[in-house]
Amino acid sequence: MGTIHLFRKPQRSFFGKLLQEFRLVAADRRSWKILLFGAINLTCTGFLLMWCSSTNSIALTAYTYLTIFDLFSLMTCLISYWVMMRKPSPVYSFGFERLEVLAVFASTVLAQLGALFILKESAERFLEQPEIHTGRLLVGTFVALSFNLFTMLSIRNKPFAYVSEAASTSWLQEHVADLSRSLCGIIPGLSSIFLPRMNPFVLIDLAGAFALCITYMLIEINNFFAVDTASAIAIALMTFGTMYPMSVYSGKVLLQTTPPHVIGQLDKLIREVSTLDGVLEVRNEHFWTLGFGSLAGSVHVRIRRDANEQMVLAHVTNRLYTLVSTLTVQIFKDDWIRPALLSGPVAANVLNFSDHHIIPMPPLKGTDDSNPVTSTPAKPSSPPPEFSFNTPGKNMNPVILLNTQTRPYGLGLNHGHTPYSSMLNQGLAVPGIGATQGFRTGFTNMPSRYGTNNRQPRP
């Protein structure tokens with residue numbers, strides 16, 4: 001028998017925590033309708049997959065994937081409700097808004113993967129086209145279209161509604177917009193319906209159903225089975241073209257980038273903040289997208305030493321809060337220091353130091369473990385160096401020698417002649433500051449001759 005801990009808190013499993021969060025979401029009455037639509041979606045998807053197998057139609061399979069995407073959108077809506085219920089925690093200080101961004105990104109990427117799978121199957125069917133049975137093809141088309149439109153128009157999906165409006169338009173929306181402008185030029189009364197930006201999900205549902213209706217008619221009239229594969233490719237391309245801009249937009253949000261349409265507004269606000277009373281400089285500003293429609297940012301503000309920190313903080317926050325919902329402002333006062341000025345005669349001991357001060361130098365590595373040619377540690381197992389230079393004085397300890405030449409513009413101080421041998425034996429000497437104007441570098445153990453040109457030292 002193990003030790004029994006009476007007051008130990010039991011650890012919940014992952015499924016236990018998931019069930020607890022699901023109960024939290026299910027307690028809201030708004031989520032009941034989403035759960036009901038989710039159950040209906042699973043039923044319709046099951047029937048559609050069976051009809052796809054019986055009709056042997058890949059176009060109907062591609063259209064059924066849109067129903068599966070509706071199931072992902074319903075799950076994203078539930079996640080959005082859960083995010084609104086949860087409060088920020090010490091671990092997730094910015095809240096859980098990025099979770100719904102991740103849900104949108106995952107849903108759109110899975111839809112594109114399904115479209116790529118359809119394209120791969122369609123390429124194989126072009127080599128050997130099977131026979132298509134149209135008994136339930138038209139029924140399955142209308143069932144899928146009715147459920148998709150009813151789901152999109154009945155439930156307000158906040159994340160997908162925002163992404164569909166903020167993301168760039170797809171090629172399908174652009175072509176439909178061109179046709180709508182041409183049609184509204186003939187019938188001006190339709191401008192209120194067709195000219196605004198159409199919902200991409202409703203548009204792809206209508207376009208896919210139209211492609212399936214043409215497939216049914218051509219197969220019934222001429223037994224042209226290859227049109228089913230062509231319709232599947234068209235539906236897959238429309239799905240990929242519709243989901244790709246949404247994936248790009250949500251991916252940029254996950255990468256914490258600044259939206260291009262707010263850069264100009266942010267620059268204007270920063271200029272206004274820099275002109276406030278007491279503000280000297282605004283620097284290290286960083287703004288990024290936290291979630292759909294919410295910006296986060298941080299900024300450092302340098303103010304005068306006599307300015308009121310709380311007053312400046314209130315004004316800066318008031319200006320930036322109109323655009324940045326989650327803002328961190330760090331206020332610090334000016335830290336410049338007034339330099340001290342010296343007046344009066346300078347003492348003599350400031351210019352003259354004793355000439356016998358010795359500054360210890362850290363000894364270099366011994367020559368026993370170095371290569372005298374290349375001044376690199378020699379390893380028994382390492383190959384010889386590729387290049388070697390016969391440079392004298394490579395392993396010598398540097399010393400600083402006093403420039404003994406007197407200058408006519410000196411301070412009138414006497415310069416004694418210091419022999420080189422004593423300086424080299426001494427190590428590193430520090431002469432008086434007032435007694436020297438320059439330094440030279442010498443080396444110990446320096447060879448007496450470097451070549452045939454041997455100059456005699458000047459007296």
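**View 1. Val282 stands opposite Val301 in strand 2 of the sheet.** This is a predicted model, in which local features need pLDDT of at least 70 and side-chain atom pairs count only at pLDDT 80 or more, while totals for chains, interfaces and linings use all residues. Residues are numbered from 1 along each chain as its sequence is written, and side-chain values use heavy atoms, with hydrogens and water left out. Strands (E, at least two residues) and helices (H or I, at least four residues) are DSSP runs, numbered from the N terminus. Strand 1 and strand 2 are antiparallel and share nine bridges; two strands pair if DSSP finds at least two bridges between them. The two strands form a hairpin with two residues between them, and Gly293 in the turn has a positive phi of about 85°.

**View 2. Three strands make an open sheet in the order 1-2-3, with mixed pairing.** Strand 1 (279-291) and strand 3 (326-333) each have a single partner strand, so one side of each is left without a neighbour in the sheet. On average, neighbouring strands are turned by 10° against each other, direction ignored; the axes are lines fitted to C-alpha atoms, and angles run from 0 to 180 degrees between N-to-C directions. Strand 2 (residues 294-303) runs parallel to strand 3, and eight bridges join them. Arg302 is placed opposite Phe332 in strand 3.

**View 3. Glu281 and Arg302 form a salt bridge, at 3.1 Å from N to O.** The pair connects strand 1, which holds Glu281, with strand 2, which holds Arg302, across 21 residues. A salt bridge is a side-chain nitrogen of Lys or Arg within 4 Å of a carboxyl oxygen of Asp or Glu. Side chains of opposite charge can pair when their charged atoms come close. Arg302 is buried, at 18% relative accessibility, whereas Glu281 is partly exposed, at 28%. Buried means under 20% relative accessible area, exposed over 50%, and partly exposed in between (1.4 Å probe, protein chains only).

**View 4. Arg319 and Glu272 are joined by a salt bridge of 3.6 Å, N to O.** Arg319 belongs to helix 12 (residues 309-320) and Glu272 to helix 11 (residues 263-274), and the two are 47 residues apart. Both count as partly exposed: Arg319 has 32% relative accessibility and Glu272 has 26%. The salt bridges come to eight by the rule used here.

**View 5. Arg304 forms a salt bridge with Asp306, with the closest N and O atoms 3.0 Å apart.** Arg304 is partly exposed at 33% relative accessibility, and Asp306 is exposed at 62%.

**View 6. A nonpolar surface patch of about 520 Å² includes Leu110 and Phe240.** Leu113, Leu116, Tyr244 and Val248 also belong to the patch. Such patches are made of residues with over 30% relative accessible area and no salt bridge; like charges are joined within 9 Å, and nonpolar side chains (Val, Leu, Ile, Met, Phe, Trp, Tyr) within 5 Å. Accessible areas come from the Shrake-Rupley method with a 1.4 Å probe, and for residues only the protein chains shown count as cover. Helix 4 (97-127) and helix 10 (226-254) each supply at least two residues of the patch. Leu110 lies in helix 4 and is partly exposed, with a relative accessible area of 42%.

**View 7. Gln173 lies in helix 7 (residues 171-186).** Gln173 is buried, at 9% relative accessibility. Gln173 and Thr242 are separated by 69 residues in sequence and by 8.4 Å in space, C-alpha to C-alpha.
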